[in-house]
Amino acid sequence: MTVRSDEPGRVLVVDEDYDTLDVLARTLRMMGARVSLATDGQSGLKHAVDMAAEVVLVDRDVRVFDIRTFLDVLTDNPRTADAHVFVLGRDDPSELAALHGRAEPIVKPFHAEEVAARVMEVIRARREPPKGPELEGDLQQVALFDLLQVFAANQRTGQLVVESATLRGEVWVVDGRVVDASSGLVSGEKALFRVLALNQGQFVFHPDRRPLRQRIDAPTEHLLMEAVRHVDERAELARGLPAAGSPLRLAFQPDEKATEDLRLPEVVRDVLGHLDEARTVSELLDLASAHDLDVLRVLRRLVELEALRSNDAAGQVRLCADEEVPLFRAAAHRLRRPGVEGPVRLGVAGSAKAVRHFGRALGGIEEFVVATKPPVAIGSGVFGPLGHLALGGTDLELFALPTDEDLRPWWGAFLAASRVVLVLGEDVEHEDLRVAYAGDEFQRPQNAAEALREAIGPTRRHG
């Protein structure tokens, strides 16, 4: 959304404490902001979407939705996807920041004038014309290690964006110190070491850009030395593993003694916890919270023990034949409301147990790619992406929705531009969305595929 620099900033405050709402509203309005207020997550999300909020201040104990679900919905809606979010609470700032990747903490009690000044600073920064890159080049000519050492010596502040054929990463420096990094689903030191392993690709440095969070505290010199060690050891470990995109399955649960010499018991438990279904090495590296080097050590040992084996794709079913792909691709696009932009998405509604069984059945469909992050619990069900169907260049996202009666009116907001829901094992109606039913045997891949075919409806013309 294009906004003139002289338009009032659009700010939403969500807190059940009326004193907090009052003092923030009065102070922000005195500074020229347009302020909307809400006392719970449900009305807060409605206000956020209606006003296309630029800044959202929300109490960590927001009612109706837990704070993580509230922020996930904000991120997922195109009208609020780039809103700057402050999370208010009485916790330690690091605990508030850890609630969500988008959270900038504000500890209660606070001075309303200081909070309002920070909000207005964010709004001004959002509306300033972006500065062009100051420095750009090729990684084959300039090593990232050398570049960060130059930034440290000159106490530079800004964002370093790195892109290769396989990876995109961002590194933030403040006064020469590396303070944050991100790459895909990972962040902090884990992302930094992954980015610093690149020796091919392009880099661009944007001066004066600051991160929303500081997730790296170690001295930059120490980080660079550690990164060199990680790069060398990762390369050695990777040679003993299947290709990064090859699905692997757990053949059996190894005895704790078999991995005790690794001295990584928490990493072992974390990796095994994600192997309840077939996963690729790349997925496991993203899902496990430990550094890639430690995750690779665990995977290497599991392969040596033959506890981790290549997944046999035999027995998988196909959603559609090759000649049907164009029909399904076109039908997937028709799931969206006419004239509305947004993700190509199909809702999947059911209890937590039903969605879990359906998710396992999806793993037996050849075109299905599981989401790297599982959906979150909400009400009696779950909320969030299950994965996507790869339809010849179009990805149809399958998005889990809870069936609780008080949450059904929000299905339309959760699905953004889409308008079709596949319901598992229940009889549910909806005023605004088309409802398809999965039948009784959706736990089997063949039946799950048939239910999806009916919901997508390649020969159906949606009105």
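User: What should I keep in mind about the model before reading its features?

Analyst: The model is predicted, and local features need pLDDT of at least 70, side-chain atom pairs count only at pLDDT 80 or more, while totals for chains, interfaces and linings use all residues. Residues are numbered from 1 along each chain as its sequence is written, and side-chain values use heavy atoms, with hydrogens and water left out.

User: How many aromatic pairs are there, and what describes such a pair?

Analyst: A pair of aromatic rings is described by the distance of the centres and the angle of the planes. Rings of Phe, Tyr and Trp (its six-membered ring) pair if their centres lie within 6.5 Å, with planes under 30 degrees apart counted as stacked, over 60 as edge-to-face and the rest as tilted. By this rule there are four aromatic pairs. One of them joins phenylalanine 358 and phenylalanine 442, which are edge-to-face at 6.3 Å centre to centre with 65 degrees between the planes. This pair links distant parts of the chain, 84 residues apart, since phenylalanine 358 lies in helix H13 (residues 352–362) and phenylalanine 442 in the loop between strand S21 (434–437) and helix H15 (445–456). Helices (H or I, at least four residues) and strands (E, at least two) are DSSP runs, numbered from the N terminus. Ring pairs also link Phe383, Phe399 and Phe414 into a cluster.

User: Are phenylalanine 358 and phenylalanine 442 buried or exposed?

Analyst: Buried means under 20% relative accessible area, exposed over 50%, and partly exposed in between (1.4 Å probe, protein chains only). Phenylalanine 358 is buried because its relative accessibility is 0%, and phenylalanine 442 is buried too, at 6%. For contrast, serine 94 in helix H4 (residues 93–97) is partly exposed, with a relative accessible area of 49%.

User: Which residues touch the most other members of the largest nonpolar core?

Analyst: In soluble globular proteins, nonpolar side chains tend to be buried together. A nonpolar core is a set of buried Ala, Val, Leu, Ile, Met, Phe, Trp, Tyr and Cys residues joined through side-chain atoms within 4.5 Å. The largest core here has 38 residues, of which Leu319, Phe358, Ile365, Leu389, Leu396, Leu398 and Leu452 touch the most other members. Its largest share, six residues, comes from H15. A second, separate core has 36 residues, among them Ala83, Leu96, Phe383 and Leu415. Contact means heavy atoms within 4.5 Å, and, leaving aside residues up to four places away in sequence, phenylalanine 358 touches Val348, Leu422, Leu424, Phe442, Ala448 and Leu452.

User: Where do the buried residues of H15 fall when seen down its axis?

Analyst: The arc is that of the directions from the helix axis to the C-beta atoms. The buried residues of H15 are Ala448, Ala449, Ala451, Leu452, Ala455 and Ile456; they fall within an arc of 160 degrees, so they line one face of the helix. H15 is followed by glycine 457, whose phi is positive, near 60 degrees.

User: What does H8 show when read in this way?

Analyst: Buried in helix H8 (residues 220–238) are Thr220, Leu223, Leu224, Ala227, His230 and Leu237, and these residues line one face of the helix because they fall within an arc of 150 degrees. The face turned away from the buried side of H8 carries the exposed residues Glu221, Met225 and Asp232.

Notes:
Expected span 1.5 Å × (residues − 1).
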